[in-house]
Amino acid sequence: MGINKNSLAFYLDTLKGFRLQIAGLLLSLAAVGFLSAYPIVFIKKTIDAAVGGQPVKTILYFGSVYFLLHIFNAFFGRWFEYYSNYTSNVISHSLRCRLFDHLQHLRMKYHDSKDKTGFLFRFIEDNSITASSFLQPLAFLGRSVLTFFFGFYYMWGIDRGI
């Protein structure tokens, strides 16, 4: 069973009203991807300082920055999860309201021929599944891809001696 053009247009039209939330989600996604990979740079700096005979103060500084980056990563990671769930729930609510409004404008003949209990269950459950299974995997995939690219970039920089 696939998504037809009308259903896709309906969902995309609904998402247009959430540009600000989606932009916030993308910004937090970029912050999490960056903070997941950037500590690699401070591992290199800490090791270089230790091997190069730098003062202990310098090694502790780089180690502290490394530790703080992990704290920020944990904070932004949880924020990203919270905001992703929040955005998913808000979009799900909007979809439910739009679908309910659509059902209100259907002819009575349509409603007479349907099983009400099964219909209401599918109406609520399918909507929640659609919203959560649409946004959350995209967010997880985006987070993984950004972490990979940031990590690859920094590791490549370490290999090149940058």
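Tyr154 counts as buried in this predicted model, because its relative accessibility is 13% and the cut-off for burial is under 20%. Tyr153, the partner of Tyr154 in an edge-to-face aromatic pair, counts as exposed at 52% relative accessibility. Phe150 is partly exposed, with a relative accessible area of 24%. This value lies between the limits of under 20% for buried and over 50% for exposed residues.

Phe150 and Tyr154 are both part of helix H6, where four residues, or about one turn of the helix, separate them.

**Aromatic pairs**

A pair of aromatic rings is described by the distance of the centres and the angle of the planes. The search of the whole structure finds 16 aromatic pairs. Among them is the stacked pair of Phe150 and Tyr154. Two pairs that involve Tyr154 are set out below.

| Pair | Centre to centre | Angle between planes | Arrangement |
|---|---|---|---|
| Phe150 and Tyr154 | 6.4 Å | 10° | stacked |
| Tyr153 and Tyr154 | 5.3 Å | 65° | edge-to-face |

The stacked label of Phe150 and Tyr154 follows from an angle of 10°, because planes under 30 degrees apart count as stacked. For Tyr153 and Tyr154 the angle is 65°, and planes over 60 degrees apart count as edge-to-face.

Phe150, Tyr153 and Tyr154 also belong to one aromatic cluster, whose other members are Phe34, Tyr38, Phe42, Tyr61 and Phe62.

**Nonpolar surface patch**

Tyr153 is a member of a nonpolar patch on the surface as well, together with Leu141, Val145, Phe148, Phe149, Phe152 and Trp156. The accessible area of these residues together is about 790 Å². Phe148, another member of the patch, is placed in helix H6, which spans residues 116-160. Phe148 counts as exposed because its relative accessibility is 52%, and the limit for exposed residues is over 50%.

**The chain as a whole**

The protein chain has six helices and zero strands, and its elements run α-α-α-α-α-α from the N terminus on. Of its 162 residues, 25% are buried. The chain exposes about 11500 Å², and carbon and sulfur atoms supply 68% of that area. Among contacts between residues at least 6 apart in sequence, 83% join residues at least 24 apart.

Note on methods
Residues numbered from 1 in each chain as written. Predicted model: local features only at pLDDT ≥ 70, side-chain atom pairs only at ≥ 80, totals over all residues. Heavy atoms only, no water. Patch = residues over 30% accessible without salt bridge, like charges linked within 9 Å, V, L, I, M, F, W, Y side chains within 5 Å. Areas by Shrake-Rupley, 256 points an atom, 1.4 Å probe, with all protein chains shown as cover. Salt bridge = Lys/Arg side-chain N within 4 Å of Asp/Glu carboxyl O. Helix = DSSP H or I, 4+ residues; strand = E, 2+ residues; numbered from the N terminus. Buried < 20%, exposed > 50% of the residue type's maximum accessible area, 1.4 Å probe, protein only. Contact = heavy atoms within 4.5 Å. Phe/Tyr/Trp six-rings, centres within 6.5 Å; stacked < 30°, edge-to-face > 60°.
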